[in-house]
Amino acid sequence: MGVPETEEPTRLWGARFAGGPAEALARLSVSVQFDWRLAPYDLLASRAHARVLANAGLLDADELGKMLAALDDLESACAAGEFRPTVEDEDVHTALERGLLERLGSLGGKLRAGRSRNDQVATDLRLYLRDHARGVAVAVVELADALTEQAARNIDTPAPGMTHVQHAQPVSFGHWLLAHVQPLLRDLERLRDWDARTAISPLGSGALAGSSLPLDPAAVAKELGFSAPAPNSMDAVSDRDFVAEFLFTTALLGVHLSRLGEEVVLWTSTEFGWVELDDAFATGSSIMPQKKNADIAELARGKSGRLVGGLVAVLTMLKGLPLTYDRDMQEDKEPAFDAVDTLELLLPALAGMISTMTVRVDRLAAAAPVGFSLATEVADWLVRKGVPFRDAHEVTGKLVALCSARECELEDLTDDDLKTVSEHLDPSVREVLSVSSALAARTTPGSTGPGPVREQLATVQHKLDNWRQWAVEQVVPRH
Ligand code: ARG
């Protein structure tokens, strides 16, 4: 932040006060150090408001022309870093009014008519988040693409599917990777649903009661890319559902990324050795020369904490707040900005890590049948012979116990062993004792057999094509 150039600080209030604010108050209440990033959105809303004032006869054509030119000039100056907030500017709105006054003199003071920082800040934050949610969506799609491409290469790679981190049943590793794509598709749906609810314009609500001036909230809403003006001015300035909901969506996305991150940490361990990270997406140790660490995956796990924390902070801030605007609500911005920043950093790193990792097909295939993961196949074989599943489960459990005692695999049991354990068993049960037959047998939709996984892959790719288009739509008009 630069040093103030003006002798008297610009303040949007103060006439009824005997002196300036105490230093401690000023330091506590200032928000410009974080809300300055709303400047382009505030300027966008200011242009729309200027046009509405002109239509209402409150600015003549000449004044409107000057006002719009000054707003354009201010925007360029902001973008070039020539105009910056000073330590005296309380918030982004104050700084920009100062910039307008510097350019227009007293004409600059006309823009505030019919408008309050309360409807302004709610508008700016909606515009900022709608714009940046699409950026987050682009990055989610890129991560989903990376996972989907790895999945396509590994449809026929068997892996030991797990529950409780114990070998459970063989699965396709492609299916496993797609199981990380499905939550991301739901996250994208949540962002789209959120966007539709957030596309409501608070501008025109003023401080809380609307305006006595003949404003046109519908025209402003349209110009700013919103679907409609807010139906209730009091709700419009006090509603921060869109922030809480955005933060829930990003928190849940963060939780999904943390689960993917945790799995990559496991997969890259010596004990698993299922995946090898590309050198460019792994880190080393300052003391142990042999180390290759999955720091991106760990940061994905770790950063979910701040995403969840931001949601909790905003919900707690909102709880019990009386209508309408309260200064508590200034605390909505940092968690929202932090969620955007965190995801814009994290998602590209994760996408790069996933798309460049090498899947150790040999290690996965060797691990797939370990831990009697084909036992369910035996039970299902018995069921097909008419044995009630309850009995089939018992019989198979006995086979596993026998193998455990002998330290052998199910296929090592002799014909006699099978007969001894159950009269229903015969040597043909060995047909189901292979990973490939277990996978091939899974043909129902959504299951892990090669057929359904290929169908799933095609659907996912089609959905991602649509999401890719949605994510780059321009929702907030560029001026
Ligand atoms: N910086 C404030 C915020 O972020 C802007 C609105 C201030 N409004 C007010 N009446 N003090 O919430």
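Start by selecting T324, which sits in the loop between α11 (295-318) and α12. Keep in mind as you look around that this is a predicted model.

Next, show helix α12 (residues 333-356) together with helix α6 (residues 117-153). How far apart are their axes, and at what angle do they pack? The axes are 9 Å apart, and the angle is about 15°. An angle under 35 degrees counts as roughly parallel, so α6 is roughly parallel to α12. Colour the contact by residue class and you'll get 18 nonpolar, three polar and four charged residues.

Now for another pair. Select helix α7 (residues 173-198) and helix α10 (residues 241-267), whose axes come within 9 Å and cross at roughly 170°. Angles over 145 degrees count as roughly antiparallel, so that is the label for α7 and α10. Their contact has 15 nonpolar, four polar and six charged residues.

From α10, move on to F272, in the loop between α10 and β5 (275-276). Is F272 buried or exposed? It's buried: its relative accessible area is 16%, and buried means under 20%. Leaving aside neighbours within four places in sequence, F272 is in contact with M162, L266, W267 and R363. Then pick R360: it is 88 residues from F272 along the chain, yet their C-alpha atoms are separated by 10.0 Å.

V165 lies in the loop between β1 (158-163) and β2 (166-172), and has a positive phi of about 55° although it is not a glycine. With 56% relative accessibility, V165 counts as exposed. Then jump to E407, in the loop between α15 (389-406) and α16 (415-421). E407 isn't a glycine either, and has a positive phi of about 55°. E407 is exposed too, at 75% relative accessibility.

Last stop: S447, in the loop between α17 (435-440) and α18 (450-471). S447 is buried, with a relative accessible area of 15%. What does its side chain reach? Find the backbone oxygen of T444, at 2.5 Å. Beyond its neighbours within four places in sequence, S447 is in contact with H175, R442, P452 and V453.

Notes. Residues are numbered from 1 along each chain as its sequence is written. This is a predicted model: local features need pLDDT of at least 70, side-chain atom pairs count only at pLDDT 80 or more; totals for chains, interfaces and linings use all residues. Side-chain values use heavy atoms; hydrogens and water are left out. Helices (H or I, at least four residues) and strands (E, at least two) are DSSP runs, numbered from the N terminus. Buried means under 20% relative accessible area, exposed over 50%, partly exposed in between (1.4 Å probe, protein chains only). A polar contact is a pair of N or O atoms within 3.5 Å; within protein, one must be able to donate a hydrogen and the other to accept it, and residues adjacent in sequence count only if both atoms are side-chain atoms. Contact means heavy atoms within 4.5 Å. Axes are lines fitted to C-alpha atoms, for helices over the stretch in contact, and angles run from 0 to 180 degrees between N-to-C directions. Angles under 35 degrees count as roughly parallel, over 145 as roughly antiparallel, 65 to 115 as roughly perpendicular and the rest as oblique. Ala, Val, Leu, Ile, Met, Phe, Trp, Tyr, Cys and Pro count as nonpolar, Asp, Glu, Lys and Arg as charged, and the others, Gly among them, as polar.
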